[in-house]
Amino acid sequence: MKNLPRLLSVRDLVKMYNLTAQSQLSQNFILDKNITDKVVKSAMINSNNLLVVEVGPGPGLLTRSILETGVPNMIVIEKDARFLPALTQLSEASNNVLKIIQDDILEIDHEKILTTAQINKVSQENRLHVIGNLPFNISTPLLVQWMKMLSKRSGIFQISDITMTLMFQKEVGDRIVADTFSPVRSRLSVLVQSLCEARKVDAALIQLIALKEPILNVPIDKYEMVVRYFFGQRRKTLQSLLKALTKKLTADEVDRLIKGLEQLDINLSLRPEKLTSEQFCRVTKVFCDNSISIPTN
Ligand SMILES: C[S@@+](CC[C@H](N)C(=O)[O-])C[C@H]1O[C@@H](n2cnc3c(N)ncnc32)[C@H](O)[C@@H]1O
């Protein structure tokens, strides 16, 4: 554990800079160091060759707990400029281990993250830990965006060894880890579990470890299209959803689709939530192999 030079407490910084939480940025601060230390401990961050990227550091208490583990290279990405003075103090105290980017995590050019982290060329030794108490209004689109980037190994996700420790609202966390026995299995469960091992650390804290050999073996955009369609009416069986879909396709497409799906050995009387990510990949492959798209309306 590395002690940072004496700094004002985050509670004092919040008071001093009048950092009231703003609901439009889903701000909700953790002001208890025992909690942030516990999050970091369960994240099992250790320092070798590691780049840590924290999303939405706010006043920076989680950031402090991470820096105290002695990580060699850390970037925070924060949209709200009000936090910059507090974060700058932390950066100075960390001897510049901590670099700050003021930007929107949904819009940011990931090259900027790598450049700021002074990683010019990603090597096998690089490891990445993405962490954050995520703003709940963007947590789902952000996770979907990251999964797309991970499947294409683009941006910071080109680093091969990736762990993510993320705080979500409890219901979102439940959906991410839901397996085929869970009533809350969703598009997000299927998508995430095709690329990551997902585990619940506690009610709101989820850890994702990028699979070295992902289950996803079809283009992610097609996969998402198929999964989105089948979860659009999750109470229906695959069979009835397919029947509804065939009305939107040409007779030839229907014929090829049915033939392809018959080869799969998947029980079509099941509801979508009962299918594994691997089975959804096989379904998607039939759509891909036959160049069939799902019309959006
Ligand atoms: C739930 S708060 C967490 C704050 C701090 N990490 C904590 O745990 O106390 C979410 C943080 O994300 C920031 N934020 C919201 N939308 C963002 C975006 N699009 N890009 C980057 N940061 C964002 C907010 O300003 C806020 O600091």
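A polar backbone atom of Lys79 is 3.3 Å from a nitrogen atom of the ligand, which counts as a polar contact (a pair of N or O atoms within 3.5 Å). Please keep in mind that this is a predicted model, where local features need pLDDT of at least 70, side-chain atom pairs count only at pLDDT 80 or more, and totals for chains, interfaces and linings use all residues. Residues are numbered from 1 along each chain as its sequence is written, and side-chain values use heavy atoms, with hydrogens and water left out.

- Gly56 brings a backbone N or O atom to 2.8 Å from a ligand nitrogen atom.
- For Gly58, a backbone N or O atom is 3.4 Å from an oxygen atom of the ligand.

- The shell around the ligand holds nine nonpolar, six polar and six charged residues; here Ala, Val, Leu, Ile, Met, Phe, Trp, Tyr, Cys and Pro count as nonpolar, Asp, Glu, Lys and Arg as charged, and the others, Gly among them, as polar.

**Cysteines**

- Zero disulfides (pairs of cysteine sulfur atoms within 2.5 Å) turn up in a search of the whole structure.
- Cys281 is in no disulfide, and its nearest cysteine sulfur, that of Cys288, is 9.7 Å away.
- Cys281 counts as buried because its relative accessibility is 3%, while Cys288 counts as partly exposed at 22%; buried means under 20% relative accessible area, exposed over 50%, and partly exposed in between (1.4 Å probe, protein chains only).

How values were computed:
A polar contact is a pair of N or O atoms within 3.5 Å; within protein, one must be able to donate a hydrogen and the other to accept it, and residues adjacent in sequence count only if both atoms are side-chain atoms.
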